[in-house]
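Student: Put the model up, please, and I'll ask about parts of it as we go.

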Amino acid sequence: MVGAGKRLIRIVLVVMFLAGSCVDPYRPPEISAPNKFLVVDGFLNGLGTSTIRLSRTQNLTESKKPPIETRAIVQVEDEKGNGQTFVDKGDGSYTLDNGNLQIGQNYRLTIRTAAGRSYRSDFVTIKRTPKIDEVSWKALEDGVQFYVSTHDETNSTRYYRWEFEETWEYYSAYYSQFKYQKTQFLYREDNINHCWRTEKSSSVAVATSNKLTEDVISRFPLTFVSGSASNRLKVRYSILVKQYALTAEAFDYWQNLKRNTEMLGSLFDPQPYQVTGNIHSVTDPTEPVVGYLSSHSMDEKRVFIDASELPPWRIPNGYEACDADTYLLMPPPTEVSAIAMGEAGFIPIDAVLNSIGNVHGYRMASSACVDCRVVGTNVKPSFW
Amino acid sequence: MTNCYRTFFLLSCFVVSLTTTFAQQTAEKPIRGPFTNVSFVEFVREVENQSSYRFFYNLRDVDSIRVNYQNTNQLLPAVLRQVLEGTSLFYAIDAKKQVFITPERAIRTDLPIGFFDRGGSTSTEPDTSIVDYLAEKEKRRITLETRLFNIGRPTNPIRPGNANLAGHIRNAASGEPVIGVAVYIEKPRIGVVTDQFGYYSITLPRGRHELKVRSIGMKDTKRQVMLYSDGKLEIEMEDDVIALKEVLIEAEKDVNVSGLQMGLERLDIRTLKQVPTAFGEADLLKVVLTLPGVKSVGESSVGLNVRGGSTDQNLILYNDATIYNPSHLFGFFSAFNPDMIKSVELYKSGIPSRYGGRLSSVLEVTTRDGNKKKLEGSGGIGVLTGRLTLEGPIIKEKSSFLIGARSTYSDWLLKSLNNKSFKNSRANFYDLNAHITHEFNEKNTLYLTGYYSQDAFKLNSDTLYDYNNLNATLKWKHIFNTKLYSVFTATTSRYGYSVSSEENPVNAYKLKFQVDQSTFKTDFNYYPTAKHTIDFGVSTSLYKLHPGTFEPLGTASLVRPDQVSNEKALESALYIGDRFDISPRFSISFGLRYSLFNYLGPKDVYVYPNGSPRTEANIQDTLSYGAGKNIQTYHGPEYRISARYAFTPDASIKVSFNRMRQYLHMLSNTTAIAPTAIWKLSDPNILPQIGDQFSLGLYKNLRNNTIETSVEAYYKTMENVLDFRSGAVLIMNHHPETEVVRANGIAYGVEFLIKKLTGRFNGWLSYTYSRTFLRVDRSVPQEVINKGDYYPSNFDKPHDVTWVGNYRINRRFSISLNFTYSTGRPITLPLAKYELAGSQRVYYSERNQYRIPDYYRTDLSLNIEGNHKVKKLAHSSWTVAAYNLTGRRNAYSVYFNSVGGIVRGYKLSIFGQAIPTVTYNFKF
């Protein structure tokens, strides 16, 4: 502040600013719902097999899979009252292989549970789904963004929904030459090092062109696959995109379901609420039913990405934590034998020879490190 | 006993000084002339050069005098006699050769005869008092306080009856008016409070009075007046600065007890600056939020919920112009530059009849007028914002300007917010203010204010949001006479926002919203007798809303241009209010406002059948109205009644009832006000909101009025308030009535407040218990929320405890500690989970049946004043603060998302730790 009369203000600003907004896990107060409401998941397929899954809601704190609803009678009914019955698969799913459902016609679903309660959907029109124009991708900073583009020249689709299945190739940490079987170490014939894993999409993807002059969906960002969070992109990756045409009401349902169950946590959230679908209880009109019955045909498209097409990312193989150890067949009493480890579920990788060339032990590791089938299958998919 | 000693001491001093002055008399020299057409100031300079005379006068009194004096070698009295001939000025010369030039009458330079001899014969009214124009301020103040001001034309004897005294109270340093100053006499107890222009008008019995003048943050003063007839008295007050010599502030700031107004909170900038804030800068709205009865849904929100009202039910006025979005940066900052503000008044109940148009409250923000005496600047540098204000006279003593600017440095708040969705974001804002005051003459003053604020931000994606407020106010105050004055005000407010995205050229768009309001009003204040204070006026506002345009951006865009048709309406009102002081103990205020609303064409209005839900499918008919055609008229009276009864001078009870009508609504279904909230006028489908409030308050001042305590209870009903359907889409909606549901609300509560605003240790402690519920109209079953039962509104937070405390350690250091606790706001929590579309999802309960965890925060700040050297570059101060001292992670929201197929619960906290800030403020 000394400036010999000069009007100069020297300002020293000490900044110790560190705001940190944060998101912590939250456990809600113990809320238990008295009811187990029916959940209807699936759609009427205009050109192919229709599958409907029936399950029940459960308390938030439960860790089991949700209870499934078996031995129900599921029927699809046209406007004239002609019904066809779905086949009960016993696992909560009901299928109709060749329902001969007509695009443009109206159908509804009726459900009669084993407990004798009846449910019915509103009539829905089967919409024709236009073809997917392109599934494209772009390598961003640390992962791949997939886009889907489509259009309808007749401008009659307007509302779209997508689901996808990811499949990727990977190798477990060790190539196992032996298998342990009843105190014996035998040569292995199958390959449990090389696998494929498939996962279905878990988030709702919907888009509309109703604010555009043409019915065009241009590069809708479908999903982002991280290069660092998993081994998806390590070897070869494939995505199968399924496209469905929706009605405006179905679009609203899915969009609101997404907003209320996937997109909360911003500064400007509306209050979440239970989205109601188009399925109602006939027995008790006040009983809530979860789910929305859509009806449409389906179009799908598959694309592959090979690791060589990607920038040189450090993609994890998913087995970074693995470690193999040698276990002797006849160890000193302080150590564990290879057989004991085999009994415990460890898998032999290769043989360890002693100085005179005899097998006196095996290198072994846990099945999660050796057997790639723990999370996938070693059967090469037909499309691979 | 001590008093007696002091009196004796004082008197003996006078005796001594008088004796010495008499001894100094010497022979006088004549004044050499001539003076030809010189100004009085030049004349004085010449006379002072020639002689040992010293002149004392007010520049304003003599600026029109030209001295033409041809004689030479006359003595000064003769010279002056001639010079002042024909003017209204008089002169007096005392024994020290001091010359006093005064208007109207000459001052007496000697003590009245019999001054020391106050026996039974002396009246209680000495007709003059000692004048001693010593240069020192303190002495001058005392002089002003002891000098007798004669008001009106002197008569002898004094006629019985009342007379009116009016004038302005100004800040002695800057010449700015001071508002909210209590001007009163004690016997009988008559008092008024200065209005926004610093103007007061008080009707008193004729005769001798001691007029007391008190205001928070200013040194108390008083004036001795002899009231002969109606007249004027301009009073200057001095800032109660942290003086080197401790000033004892004796306080009888008992406005809360003696005033009729209830539910009014007044904050001056001094109070505002003491309260620590998250980013170091004094923030008006954040301080308002610490007041009892005022809440918000969350940390970053400046949306005020006053006594259970929603955020759109507050009329926020900035120098009379409506502010539609009072926030910067999602609400982390309020849109008001603290250096511009003089004071803030929040009316929660007993709202005067001159205000209308909103249900819950009126927040009136007044800027300062600018220093009329010298050029000054001030500013501040905080962690995120910098601001600079300049002010000074344009024509000295007559007109002044005040300009201010404020801006953020960069976007690094967002980068520091350790939130993934903020990482790729940017945000900046600025605001500009200009204010000009010009006093044409004593009776006419003009005020001109301009305000512009701009925000732009990008949230994570490429979507760019920006919004701005543009306001202008022109105000002309005209004083007809001491009993009647009027204010003509013209204001215009514009608020608009736009959202645009260019990431995908095919979908590139720009969305725009705008509201324009032009208001003209005339307000009259009339003080007919000591018992009545009447105000009346008319106002009319023209609203033009552009509810939304959606346009393609770029040539590749396929976006179909869309426009929600514009809305237009006229809101007019006529009001009258009378404050009737029946006795010093009992006063009543009656007010009536009649408002009229015309919804005007051109517009297409949809018609829905009665009793069925208003959905797009149910549109029965479309009625087209031509331009300027009156589509719908709503009108109704608004009653404003309040009464006060004082049990004792320091305890009173007040009751009030007020009805408010609101014709303009905000459509936003987000919990915090989103930057994309839209405003909507009442139309045939959306009825005006009507709110009634009863309130009852008890006020008691303790410890010689230094401590104010109050309890206020209220009960409020609200009709036709808007709530929103689940999943409402409000933006670009051509028929927003299909997304809203009509609800009725009730709110009630009790507010306890203990406040001490003076002394080294000051602050307030408040506790509020309040509830607010909504119930939707049950006549249409499909629109029912929560089965048509009452449910807590989003901002129903029953318990609230706030403590704001300041302690001045010494003249340079002061410390502030704030504490706030409140119940968590209601939320909708999931009851169950289920699996759908490849993921677990949650099943929600009814609306607002649970609460987020309770809120608790402590803030600490230390204010360090710069050194007190007289000569230095700038007066500076540092504020070191820690916001959220305990680092508690208060829940802003609690929510559940399905991530990777699994339901997870989250708690979002805006401030995850203590936030230390340093702010440098300067004044030059």
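Student: How many residues of β50(B) are buried?

Tutor: Seven of the seven residues of β50(B) are buried, so this strand is largely enclosed by the rest of the structure. Buried means under 20% relative accessible area, exposed over 50%, and partly exposed in between, with a 1.4 Å probe and protein chains only. Strands are DSSP runs of E with at least two residues and helices are runs of H or I with at least four, numbered from the N terminus.

Student: Before going on, what are the conventions?

Tutor: This is a predicted model, where local features need pLDDT of at least 70 and side-chain atom pairs count only at pLDDT 80 or more, while totals for chains, interfaces and linings use all residues. Residues are numbered from 1 along each chain as its sequence is written, chains are lettered from A and ligands numbered from 1 in the order in which they are written, and side-chain values use heavy atoms, with hydrogens and water left out.

Student: Back to the strand. How many bridges join β50(B) to β51(B)?

Tutor: Six, and the two strands run antiparallel. Pairing here requires that DSSP finds at least two bridges between the strands. In this pair, B:L836 stands opposite B:S839 of β51(B).

Student: What's in the turn of that hairpin?

Tutor: Two residues lie between β50(B) and β51(B), and one of them, B:A837, has a positive phi of about 50 degrees.

Student: Which strand of chain A is joined to β50(B)?

Tutor: Strand β4 of chain A, residues 58-59, is joined to β50(B) by two bridges and runs antiparallel to it. There A:Q58 stands opposite B:K833.

Student: Then the interface. How many residues does each chain put in?

Tutor: Chain B contributes 81 residues and chain A contributes 76, contact being heavy atoms within 4.5 Å. About 7100 Å² is buried between the two chains, 62% of it on carbon and sulfur atoms. Buried area is the accessible area (1.4 Å probe) that two parts lose on being put together, summed over both.

Student: How many salt bridges and polar contacts are there between the chains?

Tutor: Three salt bridges are counted between chain B and chain A, each a side-chain nitrogen of Lys or Arg within 4 Å of a carboxyl oxygen of Asp or Glu. A:K65 forms a salt bridge with B:E835, with the closest N and O atoms 3.5 Å apart.

Student: Which elements supply the chain B side?

Tutor: Those supplying at least two residues each include α9 (412-416), β50 (830-836), β51 (839-844) and β54 (875-883) of chain B. β50(B) gives the most, with seven residues. By type, the chain B side divides into 49 nonpolar, 26 polar and six charged residues. Ala, Val, Leu, Ile, Met, Phe, Trp, Tyr, Cys and Pro count as nonpolar, Asp, Glu, Lys and Arg as charged, and the others, Gly among them, as polar.

Student: New topic: B:E712. Is it buried or exposed?

Tutor: B:E712 counts as buried, at 8% relative accessibility. This residue is found in strand β43 (residues 707-724) of chain B.

Student: Which side chains does B:E712 have polar contacts with?

Tutor: Its side chain has a polar contact of 2.8 Å with that of B:R307 and one of 2.7 Å with that of B:Y699.

Student: What sheet is β18(B) part of?

Tutor: An open sheet of five strands in the order β15-β22-β23-β18-β19 (chain B), with mixed pairing. The edge strands, each pairing on one side only, are β15 (264-268) and β19 (321-322) of chain B. Five bridges join β15(B) to β22(B), and these two run antiparallel.

How values were computed:
A polar contact is a pair of N or O atoms within 3.5 Å; within protein, one must be able to donate a hydrogen and the other to accept it, and residues adjacent in sequence count only if both atoms are side-chain atoms.
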